[in-house]
Each structure stands twice: as structure tokens, then as C-alpha cells.
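Student: I have a structure open and would like to go through it with you. Can we take it piece by piece?

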Amino acid sequence: MALQRLDNKTARALFMNRHVLAEQPAGGAKGADLLDLIHRLGFVQLDSINTVARAHDLILFSRRPSYRAKNLKHLYERDKALFEHWTHDAAVIPMAFYPHWHLRFQRDADLLKSRWKNWRRDGFEQRFATVLQHIRDHGPVSSSDVGKDEKKGSGGWWDWHPSKTALEFLWRSGALTVIGRNGFQKRYDLTERVIDTHLCPGNMVCDAEATVDWLCNAALDRLGFATSGELAAFWDTVSVAEAKTWCEKGLTQGFLEEIEVTCANGMVRKLLARPGLAAADLPAAPGRIRVLSPFDPMLRDRNRAERLFGFHYRIEVFVPAAKRTYGYYVFPLLEGDRLIGRIDMKGQRDRGVLHVSSLWPERSVRWSEARTRRLQSELDRVRRFAGLDDVEFSIDWLKDPK
């Protein structure tokens with residue numbers, strides 16, 4: 001029997017729909033509405049870089065323009081509806097998902113104890129009891145509150161002092177919970193003070209098979225169609241081998257089926273989806289231009305984004321300036337269901353200005369005055385969100401495609 005085939009436009013529409021970019025950017029952006037949005041996304045990656053707005057804030061703003069940074073802080077720190085932990089990077093995650101993170105705690109403990117011995121400074125394991133007792137006696141701490149008698153390194157992530165490393169290990173392995181941030185510095189407390197007792201590590205049996213099943217199902221819900229490797233990478237907890245076994249089981253038992261998906265370059269790939277994947281009557285993506293965060297969930301898997309949208313994107317913050325193709329922190333531009341270019345801009349807060357240095361359209365995009373007007377409307381929304389007064393463009397801001 002012939003496999004169901006999604007043409008490229010339909011595949012993009014379905015993927016955008018799962019990532020809450022196919023609907024009009026509107027609606028509530030605080031409290032229960034914001035929590036529902038994050039639940040639909042699965043998680044929101046945190047990042048400290050603030051050239052215009054921090055990644056997590058821009059991710060939420062691009063879907064809900066009424067969103068403001070304080071809304072996430074209230075949901076996380078006051079309402080405790082989110083917890084912070086690791087997927088492929090640090091992220092805020094709905095508290096309802098917490099029971100499924102026990103496997104991650106166990107795996108991070110095994111992995112980091114071995115890995116950090118090789119490249120962290122010695123002595124962090126000997127600090128566990130001291131750090132825990134300090135928090136028990138004095139309450140929540142930041143890394144600056146512990147290890148005051150220890151030699152401080154350069155301040156980089158590669159040279160934490162032993163007590164800072166102990167804090168991170170105890171958080172990643174579940175004994176501590178991050179309860180919020182001052183600026184961007186994490187504050188840690190004992191998990192038993194923060195999380196419902198019956199959910200705390202040690203009080204809940206971790207069923208690895210059930211957790212793998214939940215993680216794979218939840219990943220597929222948010223991807224629509226995927227390979228076993230893409231399912232494993234979504235939360236970055238399930239191993240590739242476990243995801244492959246889950247997929248084989250799904251095909252055998254009939255809760256998965258193979259489909260064909262047409263990529264942007266015309267290549268057809270076989271992927272897995274739920275039987276009867278609903279690809280008809282998907283909403284048309286809004287025509288307005290939107291600035292996306294480099295860490296937007298739709299772009300997290302760079303290879304998948306390139307296959308579906310024909311958009312090759314790499315962030316260049318760690319690339320020496322002379323070797324960058326575009327810029328330090330360049331934002332992708334979404335218009336309808338197409339990624340139409342990338343823009344290099346920065347909030348110059350001392351001047352109250354959002355300064356646009358460069359914009360590179362994609363080769364397939366004809367830049368027009370109408371697009372410039374739509375871009376200006378979006379940049380005006382972004383500058384207000386960033387608390388800036390005006391937008392200015394360099395004289396030669398519009399570049400030739402690369």
C-alpha cells in the first residue's frame with residue numbers, strides 16, 4: 001500500500017502548527033494562558049544573551065505579542081508552575097512534566113560525575129554535604145554565596161570553583177531545585193522544600209520504560225513526524241537506541257506508521273507519524289513578518305529546519321568576528337510559512353535605539369518596498385517590547401543574498 005505523502009508546503013504547515021507559529025500571533029500571555037503555550041511547546045530554552053531581548057522572552061513574544069518578561073518570572077518564581085532543568089540546554093518546563101525528569105536526574109548524575117572529573121577543578125564531590133548543609137541552615141543560595149574560601153577561577157563555565165560545581169551537580173541530579181534567577185544568576189534550594197514530597201527523588205520510583213514511552217510520545221506530539229533520532233534529540237534524555245526500539249515497537253503494534261515527507265529541495269524522506277496524521281485543513285500561516293530567536297523551538301534542530309524550509313542557519317557567537325558569515329547574533333525572519341532572511345540588529349540602550357546593521361534576504365526572496373514596510377512594523381513591535389524608543393537603519397542595511 002502506498003505511503004501517505006506530505007508535500008513540502010503541507011509538512012511546513014504541520015510543523016509550524018505544532019510549534020504555535022501557524023496561528024495568528026495573539027491571545028493571552030500570562031498565567032494559565034502562558035502556561036498553556038509553554039505546555040504546547042514542551043519547554044522554552046533559557047539564554048543570557050541580550051542583544052535585543054533574551055531568547056526565552058523573544059520565543060514567547062513572537063507567538064503572543066502581549067507577552068512581557070515579568071509574566072514568565074511570575075509563572076516560574078511566584079506561581080511555581082514551571083521548573084528549570086536541562087533538555088538539550090537549560091530550559092523552563094511545565095511542572096506537570098516533573099515526574100518524567102527522574103530518569104534525567106539519574107542519567108545526569110552518572111554522566112556528570114564521570115565527565116566533570118576530567119575537566120572541572122578537583123574537589124567538587126567533597127563539597128556536596130557542605131553545600132547541602134549550608135542551604136539547609138541558611139536557605140536558598142546563588143553560586144556567590146558558597147565556597148567563599150575557595151580560589152575563584154576566571155569566571156567561565158570551564159573554571160567553576162568546587163562549590164559552584166557541586167551546586168550544579170546537585171541541581172542536575174535532582175537534590176536541589178532552581179527556584180528563580182537574580183539577573184541571570186540561578187538561586188538554588190533543597191528540592192524537598194520546593195517540590196511536592198511524593199514527587200521528590202527518593203520518594204518516587206523511576207520507571208525508565210514508562211518515562212521513555214512518555215518522552216517519545218510527547219516529542220512526536222510536538223514534531224508531528226520524525227525519525228527515531230529526532231525523537232531522542234527533542235528532550236535529549238532518551239538514547240538513540242531507546243528511541244529506535246520505541247519506534248520499532250510502534251510500527252509492530254500499529255501506533256506508528258511510515259509516511260513520506262517532501263523536503264524543500266525535493267528529496268523525499270521516510271519518517272514516522274501517528275496513523276491518520278491530520279494534515280488537511282491546516283491554518284494558513286500569518287503573512288506578517290516575525291523576528292524569531294536563534295533558539296526558537298522551530299529552529300532548534302538546524303538540520304530539520306534546513307530540510308523543511310531550505311534555510312541554513314548557524315549561530316556565530318563563538319565564531320571569531322573575522323570568520324563570521326553574517327554576525328554575532330543574527331535573527332531569522334519568518335514570513336508566512338517561509339524563512340525569508342536574517343537580520344543583524346542590536347538594542348543600543350544608552351541611546352534608546354534598535355539599530356539595524358544588516359539584513360540578508362534568502363536567494364529565493366525578492367525584497368520589495370512592501371516587505372520593508374512589513375519589516376518596519378515588526379521592528380516597531382520588537383523595539384517597544386525591548387523598551388526602546390526608535391528604530392534606525394544603517395545606510396547600507398539591505399545586503400545581497402549570500
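Student: Which residue just after H7 takes a positive phi?

Tutor: That is Gly174, with a phi of about 100 degrees. Keep in mind that this is a predicted model.

Student: And H7 itself, is it mostly covered or exposed?

Tutor: Mostly covered. H7 spans residues 162-172, and eleven of its eleven residues are buried. Charged side chains are on that list too, including Lys164, Glu168 and Arg172.

Student: What angle do the axes of H6 and H7 cross at?

Tutor: Roughly 75 degrees, and the axes come within 9 Å. The range for roughly perpendicular is 65 to 115 degrees, so H6 counts as roughly perpendicular to H7.

Student: Which residues meet there?

Tutor: From H6, Phe128, Val131, Leu132 and Ile135; from H7, Ser163, Ala166, Leu167, Phe169 and Leu170. By class, the contact of H6 with H7 has eight nonpolar residues, one polar and no charged ones.

Student: Changing topic. Which residues touch the most other members of the largest nonpolar core?

Tutor: Leu60, Leu176, Ile343, Met345 and Leu375, out of 63 residues in that core. Another core, of 54 residues, lies apart from it and has Leu14, Leu21, Ala243 and Phe311 among its members.

Student: What does Leu60 touch?

Tutor: Leaving aside residues up to four places away in sequence, Leu60 touches Leu34, Leu37, Ile38, Leu41, Val44, Tyr67 and Leu72.

Student: Now charges. How many salt bridges does the structure hold?

Tutor: There are 28. One of them joins the side chains of Glu77 and Lys73, at 2.9 Å from N to O.

Student: Why are those two separated by about one helical turn?

Tutor: Because Glu77 and Lys73 are four residues apart in helix H4. Lys73 is partly exposed, at 41% relative accessible area.

Student: Which residue does Arg304 form a salt bridge with?

Tutor: Glu230, with the closest N and O atoms 2.9 Å apart. Arg304 is in H12 and Glu230 in H10, so the pair ties together parts that are 74 residues apart in sequence.

Student: Buried or exposed, that Arg304?

Tutor: Buried, with a relative accessible area of 4%. Glu230 is buried as well, at 6%.

Student: What about Glu362, which side chain does that one meet in a salt bridge?

Tutor: Arg342, at 2.8 Å from N to O. Glu362 sits in the loop between strand E12 and helix H13, while Arg342 is in strand E11, 20 residues apart. Both Glu362 and Arg342 are buried.

Student: Which residues are linked in a network of salt bridges?

Tutor: Lys9, Arg12 and Asp337.

Terms used: Residues numbered from 1 in each chain as written. Predicted model: local features only at pLDDT ≥ 70, side-chain atom pairs only at ≥ 80, totals over all residues. Heavy atoms only, no water. Buried < 20%, exposed > 50% of the residue type's maximum accessible area, 1.4 Å probe, protein only. Core = buried A, V, L, I, M, F, W, Y, C linked by side-chain atoms within 4.5 Å. Contact = heavy atoms within 4.5 Å. Axes fitted to C-alpha atoms, helices over the stretch in contact; angles between N-to-C directions. Parallel < 35°, antiparallel > 145°, perpendicular 65-115°, else oblique. Salt bridge = Lys/Arg side-chain N within 4 Å of Asp/Glu carboxyl O.
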